[in-house]
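Hello,

Please find the structure below. My notes on it follow.

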Amino acid sequence: MSNFMAEEPVNNKKVLVVNGFRESAGLNHQISNLKVLIKFSRKLGAKLLVPQFLLWGFHDCRRDTRATQFRECLDYDKMGLTDELFFNEKDIPPGYVMLFLNCLQRPPGGLFRKIPEVAAAINNGVPPHVEDVQLVWVKKYHEIASRIVNNSFQCIVHVRRTDKVTGELWNECTSPENIHKTVRKLIPEGGQIYVMSDEKWEFFEPLKTVDAGNYEYKTYHDYPELIKIKEVDNYTLFIVEQ
């Protein structure tokens, strides 16, 4: 029997249960995990008991962020997944057979797509692409984002720094000077640019004085509503920015 997969006798009512999973990770990490589990469940002809996906990490200016429950950030009705998922073991009706994905050992890299049995079931042993499961965030995130987007940004730049700047090259590539150099190539006519990043907002302040007549740079710190979100939860801010 697989190190990860343990099956009870199968009938036509099955539910995939992830056993022992307590992974805390960043947003894109957990997006990948949820998508892969949904695809794996479909391959098995089973529903999914959605695990506790915690958003927690050190991406927030090297500050510990609070643990956010990722699965509460999604609108499963609009994703068309209501009939495919359970969120509490007590919600599983009698007659369902549980298929266990045993993760008492941490999956490679904390990613389900790297479990050989999962990859083999979904995509012939190759870690699967997961784009075919489309996420829809809950309404409140769209409402916040729509109020910000009304400012008509011509460009949005994502700059990841805090856990990636390990050498001079990365530091130079993500510097304000290089950001503006890149933006000028994309929109030579100028415009409004929003910079989203895990770096402190002060780092990007020099951009506001560079060619200010043609380019206007903004960060979350220019919007009181986003400042309040950031003070509590960096991952919620990241969802709104996306």
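V17 stands opposite F100 in strand 8. Strand 2 (residues 14-19) pairs with strand 8 in the parallel sense over 6 bridges; two strands pair if DSSP finds at least two bridges between them. Strands (E, at least two residues) and helices (H or I, at least four) are DSSP runs, numbered from the N terminus.

This is a predicted model, in which local features need pLDDT of at least 70 and side-chain atom pairs count only at pLDDT 80 or more, while totals for chains, interfaces and linings use all residues. Residues are numbered from 1 along each chain as its sequence is written, and side-chain values use heavy atoms, with hydrogens and water left out.

An open sheet is formed by 3 strands in the order 9-10-11, with parallel pairing. Strand 9 (155-159) and strand 11 (215-218) are at the edges with a single partner strand each, so one side of each has no neighbour in the sheet. From one strand to the next the twist averages 25° (angles run from 0 to 180 degrees between N-to-C directions; axes are lines fitted to C-alpha atoms, for helices over the stretch in contact). Strand 9 and strand 10 (residues 191-197) share 5 bridges, and V157 has V195 in strand 10 as its bridge partner. Helix 5 (residues 176-186) lies across strand 9, strand 10 and strand 11, at about 125° to strand 11.

Helix 1 (residues 27-44) packs against helix 2 (residues 116-123) at an angle of about 65°, with the axes 9 Å apart. V36, K39, F40 and K43 of helix 1 make the contact with E117, V118, A121 and I122 of helix 2, where contact means heavy atoms within 4.5 Å.

The axes of helix 3 (residues 139-149) and helix 6 (residues 224-232) come within 10 Å and cross at roughly 140°. I144, R147 and I148 in helix 3 meet E225, L226 and I229 in helix 6.

Helix 3 also holds Y141, which is buried at 6% relative accessibility. Beyond its neighbours within four places in sequence, Y141 is in contact with C73, T236, I239 and V240. The C-alpha atoms of Y141 and I239 are separated by 7.1 Å, although the two residues are 98 apart along the chain.

Regards

Note on methods
Buried < 20%, exposed > 50% of the residue type's maximum accessible area, 1.4 Å probe, protein only.
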